[in-house]
Amino acid sequence: MIRWLLIIALLLLSGVDEANCTSLPSDSQIDPELLRVDDKEYLGVKVTEGSVFIDSQGKEFTWKDLGDKPVILVLSYYTCDGFCPAFNTELRSVLERVQNLSRVKIGDDFAVLTLSFDGNDDPESAGMFREKLALPDELEKDWKVAVFKERDRIKSFTNKIGYKFFWSPPDRMFFHPNAFYFITPERRVSRILHNSLTDASDMELAILDAKFSRMKPTEIVNFAVSLCYSYNYKEGKYGLNYPLFIAFGSLFGGITAFAVAANVSRKKAEKLKISRGKGEKL
Amino acid sequence: MKEWIFTTDHKRIGILYLVGSIAAFAVAGIMALLIRVELSSLGPTLVEDASQYNVWLYFHGAAMILAFLIPGLTGFVANYCIPLMIGAHDVAFPRINAFSVWLFWFAIVLALLTFVIPDPPDVLWTGYPPYSVQTDGNTAFYVFTVHLLGFSSILGAVNFLCTVIYMRAPGMGWNQLNVFVWTTLGAFVIQLVMIPVLASAVTLLLFDKYLGTTFFNPENGGDVLLYQNLFWFYSHPAVYVILLPAVGIILEVLATFARNPVFNYKVTVYGGIWGTVLLGSDVWAHHLYTSGMVDWLRIGMMVTTLLISLPVGLLTISLVGTLYKGSISFKTPMVYATSTLFLILLGGLTGIPLAMTSLTVHLAETYFVMAHFHYIMGITATFAVFAGVYYWFPLMTGKMYNETYSQIGFWLNFIGVNLTFWPLFGIGIDGMPRRYFDYQMYPEFESTQMLSTVGAFIVAAGMAITILTWIHGAILGEKAKPNPWGSKSMEWTHCEYPPGPGNFPTPPEVTAEWSPYNYGKHTAQSL
Amino acid sequence: MTIWFRVVAMVSAVALWAVPAMAEGKPLQDHTEHWNTLWHHVILDMTAIAVVFAAITIWFLVKYKRTSEDQEGDSPSLSFGASMAWAIIPIFLFLADDFYLAANGWKLWNDQRQVPENAMEVKVTASMWSWEYEYENGKTSEDLVVPVGAPVVVRGSSDDVVHGMSLADFRIKEDIMPGRITYLWFYPKEVGEHVWTCTEYCGLNHSDMYNKVVVKSKADFDSWLGTKG
């Protein structure tokens, strides 16, 4: 383990100068596997226990206040000048595209919570972070940037959902996973997406997944959409659920065979009728 | 010999179906006995571990459903009777018909290879992945057996739908058809539309196992539950493929032996039979009540499943109603038919708690479910096949079976099945899981298991006597009188005994008053 | 006037029954008890239907036995109205029964699936052919040990094939599989032992894949949980 940490540190040291504040660092800098959340281990975990948060305006809230809808949870720290803002900005632009697809709407169908895992963050730094994020009006209302009220709860919270991070003194920055947690209305983890350049449709499908148990009959289209895709753990994204389409296609196999056969029989039967009419022997 | 192998005559093909399905029934029945002996005492009884036992389970389930019940009802009875009942000289495509019976025989041979190949399939008749993909067992044999039987069934379905639609005797309207013809049409519509879904699902299973695809592997984007949905999408309606023709046969027998028309014919046909076909395709998820599907889907399917009671209730009323003011004689076919009136009640009503998601959350995968579907599907349908064989025996062979021995066989069967399955309801409610090789966690169930095994051996004796009465009757039986039961149905009134090639000495034509149930003062108009 | 009075009375009775039922924060529902009650209702329902049908069938079979060889049946022809009545009346009777059952079944289902807020979380992992239970403090166990008098939710997935979590004594069951998270919850009322079995076929040792559910007193449980094992 220590060996790996050294390797990472060295790798990062070699790349730290080029680290660009506005774009995502290239993959070569960190071994993404190492900081990956083992999603199979942490899916289904409950996140609620006793967490009280303070948003960027200094207002306290809990999970309950986020409403009876899925939440996209992003863990960040607000003094970060590279990765975290970029990651949240990325989420912003993906969500803008999700809004344009207009299958799920922020506010109605889900909310976003950016949460700091750094005990030194306070509502003020959260506010500055949020400002830099430059959220458009439509996302503004239901995207909270917040800190923990009780700092000593942070560690148990992140441990519970498998989020490992550490402070690297030489870089004066945190190393941490870049993951979107999808939290169900029952406040359990339903999906963890790692791809920093998440596809808008993946984002949408993960929201639908988180919402699956609460879908109303009016959301039949969303329901059908989410049935058509299934999650690929290895690739960390959604793909078409092929057997469903193959099976649906095969529904027409028998009917087609019958249509052909019925056509033949009909002609035969007509011929028979004519020959009967002429009094021929069968 | 040659005239049997190359035959395209629907009657001979029907008898080939009968022989093949009874052979499958016998072997699968022996598997049932082995399973029962194994379970009769705690710990290993017959074999050391479950590897062999699991193959018995597989063969018993797959063969009973796919190679006995479905071909017995839609292969044998439909082939033999439908052209005779509708006054046709043969089916629409006789050569395709011959092809489908040989596909069926080939599938039986393939299934029997289970006992010869080194790693026999052990995936049960359901073949759920990922187990069916990960197992060392030869899942391919399971898949190919399903393919052959499925293909054979689709060809049969196409053939008989065309036959009934285009080859009815001149003058025969839709409301003059035998109820059995209607039930078979319903069954064949299900076969035609839904079998391809099962076929494609098991094909993907094959690809997953042997070609390394990941259709059902969640690690690579597959969905485990989707297979279960696709499987039951066909395999639940398959229950109606079995139940409907079984009810059809029972109604024919009841009508003949009570000398009454089928009660409330039009409601039975358009409400009972077609209602079952329509609703039956929307209830498959009750097999997935505990599978981890999303909650509200499970509750939705509870409502559709409960609604099945409406058409099935109509069918039951028509079964009982047919007896009203009848003239009932209790010959062997009728004893089998009347016994099913009680078996259907038992099997059908125990389906009510199983339709309710919340009760099934406990009952699923226990002996309760097992006893339930053995009553409704296994026993009721088997007794219906037996009623059919006895009923049409004089027609098929021109000879008569031995009434006394047949009745003895019936009583052994009837007592035996009840002794086998009644006690299992009880330990099922107490939690005995099905498909278990051993039950160390429930030693208190041992005596009940033993009782059930005793019952199974009584059934075995009854079955042996029953099949012997057929063989004896076919070879040495007395010559049958024409139309011994006094039926009004066309296969009895217009044919020779047994019917020759072309079926009818003169092609039948029927009047508007004719119906297969013109008993007493009834005509087609009063049905 | 009286009819309106009755309607109002009926509606308010239903409302009185329904409103508290819909209110949030309801007390803990022990679904095991509820299951047993509903089961008895359904058994009664089934028996009633069975007795009616069987009695009529036996009556017909005895009464209408053939008396002479050439006797034919004498069933009446149904008029259009009568045949419709024989369809519609039974349909409504069955439908009423169906909806009664569905409503009750649904109510129980909600209890079975809504995990109480204070339920103790246990993570379960199934693999061929054993179960592993992991507690929130990281302790793992091969038997499911729980404290008495507090709801427990067991949640997890499978490492290999589909298995089934079954707690027959608590009338609850749910499959467990790779790639999805499933759960069940139950309420251990008394100290004692129960059986946990696998109820989805999983090959060779399917029937050996069982373990104990040990319900301990709160103190015993706490001391058990404290020791690493």
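This report walks through a helix, a histidine, a sheet and a chain contact in the structure above.

## Before we start

This is a predicted model, in which local features need pLDDT of at least 70 and side-chain atom pairs count only at pLDDT 80 or more, while totals for chains, interfaces and linings use all residues. Residues are numbered from 1 along each chain as its sequence is written, chains are lettered from A and ligands numbered from 1 in the order in which they are written, and side-chain values use heavy atoms, with hydrogens and water left out.

Let's begin with helix α3 of chain B, residues 50–86. Helices here are DSSP runs of H or I with at least four residues, strands are runs of E with at least two, and both are numbered from the N terminus. From first C-alpha to last, the 37 residues of α3(B) reach 50 Å, close to the 54 Å expected at 1.5 Å a residue; the expected span is 1.5 Å times one less than the number of residues.

Look for Pro71(B), where a kink of about 50° is centred. The bend at a residue is the angle between axes fitted to the seven residues ending there and the seven starting there. In α3(B), 35 of the 37 residues are buried (under 20% relative accessible area, with exposed over 50% and partly exposed in between, using a 1.4 Å probe and protein chains only). Just after the helix, Gly87(B) has a positive phi of about 75°.

## His522 of chain B

Now find His522(B), in the segment after α19 (490–493) of chain B. His522(B) is buried, at 5% relative accessible area. Its side chain makes a polar contact of 3.1 Å with the side chain of Ser526(B) (a pair of N or O atoms within 3.5 Å; within protein, one must be able to donate a hydrogen and the other to accept it, and residues adjacent in sequence count only if both atoms are side-chain atoms). The His522(B) side chain also reaches the backbone oxygen of Ser75(C) at 2.8 Å.

## A sheet in chain C

In chain C, 5 strands form an open, mixed sheet in the order β3-β2-β1-β5-β8. Its edge strands, β3 (140–141) and β8 (182–186), each pair on one side only; pairing requires at least two DSSP bridges. Strand β2(C) (130–135) runs antiparallel to β3(C), joined by 2 bridges, and Tyr133(C) stands opposite Ser141(C).

About 730 Å² is buried between chains C and A, with carbon and sulfur atoms giving 35%. Buried area is the accessible area (1.4 Å probe) that two parts lose on being put together, summed over both. Lys123(C), Arg155(C) and Ile181(C) supply 45% of what chain C buries against chain A, more than any other three residues.
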